[in-house]
Amino acid sequence: MPSSQDYAALAAGPADSRPRTVVGALLNYRQALAALGDAAAEPPYKAPPKAPVLYIKPANTYADDGDDIALPADVQEVEIGACLGIVFARKATRVDAARALDYVAGYRVVADLSVPHATFYRPPVKQKSRDGFCPIGALAERGQVADPDKLDIEVRIDGQVAQRATTGDLIRPVARLIADVTQFMSLDRGDILLVGVPAGAPRARAGQRYEIEIAQVGRLANRLVAASA
Amino acid sequence: MKHARIVYQGATHLATDAGEGRLALADGRTVAGNEVAWLPPIEPRTTFTLAINYADHAKELAFKAPEEPLGFLKAANTFIGHRGQTLRPADVGFMHYECELAVVIGKTARKVSRGQAYDHVAGYTVANDYALRDYLENWYRPNLRVKSRDTCTPLGPWLVDRDDVPDPMNLNLRTTVNGTETQRGNTRDMVFDIPALIEYFSSFMTLEPGDLILTGTPDGIVNVNAGDEVVTEIEGVGRLVNTLVAHP
């Protein structure tokens with residue numbers, strides 16, 4: 001094994017219409033970095049981030065609007081990262097900020113679910129890569145969004161407002177983030193770049209339902225359930 | 001069997017090793033390996049990479065061997081094929097290769113015990129997991145700017161079927177730079193072996209066919225420069241050739 005037929009399937013890569021890459025920016029909201037205070041300059045970090053610090057939401061985390069998301073037995077609660085996702089229209093490599101939006105097909109509401117973690121020193125694979133931990137909403141085409149850096153975000157848990165934020169607080173606004181990330185990492189058609197998790201992300205448990213709304217982009221809602229053993 | 005994905009005469013082909021440096025194409029032609037352009041043998045879905053997974057390398061980097069695997073992820077943009085060019089930025093003082101055995105998952109794996117782990121393996125290939133240490137920041141370290149750059153993970157030349165590598169935990173690895181050996185090791189010195197890694201990752205997430213695990217690198221990393229030819233080689237799996245060029 002594998003037979004040549006199996007090899008052909010492996011060689012072709014993922015077959016569905018899912019993004020090849022979903023990548024998110026750490027600490028890209030002013031208040032999120034400010035919340036760390038002096039700790040950002042102390043060990044283990046020793047200095048605040050310089051270039052964009054990214055994390056990957058791998059393919060097993062992809063889920064859809066309306067899906068039930070199963071929380072594993074070792075996960076008591078999850079942080080609801082209410083993210084604006086930038087969707088690429090074509091391959092973007094070393095793009096200038098002035099031209100960056102030309103590469104954007106549109107935007108999606110994305111829930112970056114995480115097991116809460118207080119340290120950002122090591123890659124958060126166990127915290128951010130559980131099955132179903134990246135529900136992705138419908139595409140709003142670029143023309144529907146007047147200014148991606150002025151979008152109100154609201155998170156509701158069981159109907160109650162749990163967070164309000166705005167993309168106006170991004171340290172690297174959308175075009176700047178695209179420019180800085182594509183300096184070292186190309187993003188391809190359909191790929192999604194998450195602009196960041198707003199400070200003070202609310203938490204939710206199994207049995208609760210969250211809804212994220214981003215003005216002009218759309219809504220994404222999922223119910224959290226306990227995984228069957 | 002050894003499988004490859006190549007470009008020949010303007011078209012992409014799947015090919016198999018025909019011996020004596022030749023490849024057999026599905027359409028019946030056989031062609032010389034130096035007449036084709038090599039792509040990575042698969043387009044990886046999720047790529048896991050292990051940091052400090054050889055005891056000697058942990059010591060080299062002044063780290064204590066970790067208590068659980070120290071894994072991070074790479075994105076699809078970073079891969080290039082055998083005989084490809086990797087871009088080296090001019091402002092970087094320390095860029096090094098890492099020769100790694102790469103495990104390709106062939107069957108869905110969820111909460112797999114180490115005893116069953118190899119049932120979920122399709123085969124093996126060689127990865128060169130370059131790192132640009134000047135760009136290290138202590139945030140989600142090693143950060144993607146160090147480890148998931150365009151062109152910085154050569155992969156190949158072949159996907160070798162699992163059963164053609166009877167003991168993947170006893171393979172010699174070596175790296176040469178311009179023909180001089182700079183790195184040598186054996187997969188038996190991994191801190192977490194292949195079954196342990198599959199058991200670990202599948203304990204909290206579902207692995208699928210096309211997922212890739214880069215199992216870490218042994219002692220012997222040195223800076224490499226534009227113009228250098230770096231060959232990462234694993235016994236019975238492949239000899240992966242890469243050339244560094246200056247980033248324009």
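**Notebook: chains A and B**

I started with chain A and counted 4 helices and 14 strands; helices (H or I, at least four residues) and strands (E, at least two) are DSSP runs, numbered from the N terminus. This is a predicted model, where local features need pLDDT of at least 70, side-chain atom pairs count only at pLDDT 80 or more, and totals for chains, interfaces and linings use all residues. Residues are numbered from 1 along each chain as its sequence is written, while chains are lettered from A and ligands numbered from 1 in the order in which they are written.

**Overall form of chain A**

I looked up the radius of gyration of chain A and got 18 Å, close to the 17 Å from the globule rule for 229 residues, so chain A is as compact as a globular protein of that length. (That radius is taken over C-alpha atoms, and the rule is 2.2 Å times the number of residues to the power 0.38.) The box filled by the C-alpha atoms of chain A, taken along the principal axes, is roughly 55 × 50 × 40 Å.

Next I checked burial: 46% of the 229 residues of chain A count as buried. Buried here asks for 20 or more other C-beta atoms within 10 Å of the residue's own, with C-beta atoms placed from the backbone.

**Helix α4 of chain A**

Which residues of α4(A) (residues 174-181) are buried? I found A:Val174, A:Ala175, A:Leu177, A:Ile178 and A:Val181. They span an arc of only 165 degrees around the axis, which puts them on the same side of α4(A); the arc is that of the directions from the helix axis to the C-beta atoms. Their cover includes β1 (22-25), β2, β5 (78-88) and β11 (192-194) of chain A.

**Where A meets B**

I then turned to the interface: 42 residues of chain A are in contact with 41 residues of chain B, contact being C-beta atoms, placed from the backbone, within 7 Å. On the chain A side, α1 (4-12), β2 (54-56) and α3 (125-128) each give two or more residues. The largest share, 6 residues, comes from α1(A).

**A sheet in chain B**

Last, I traced an open, mixed sheet of 5 strands in chain B, in the order β9-β19-β18-β15-β16; two strands pair if DSSP finds at least two bridges between them. Its edge strands, β9 (84-88) and β16 (180-186) of chain B, each pair on one side only. I followed β9(B) to β19(B) (residues 238-246), and these two run parallel over 5 bridges. B:Leu87 has B:Val245 in β19(B) as its bridge partner.

Definitions and conventions. Contact = placed C-beta atoms within 7 Å. Buried ≥ 20, exposed ≤ 12 C-beta atoms within 10 Å, placed from the backbone.
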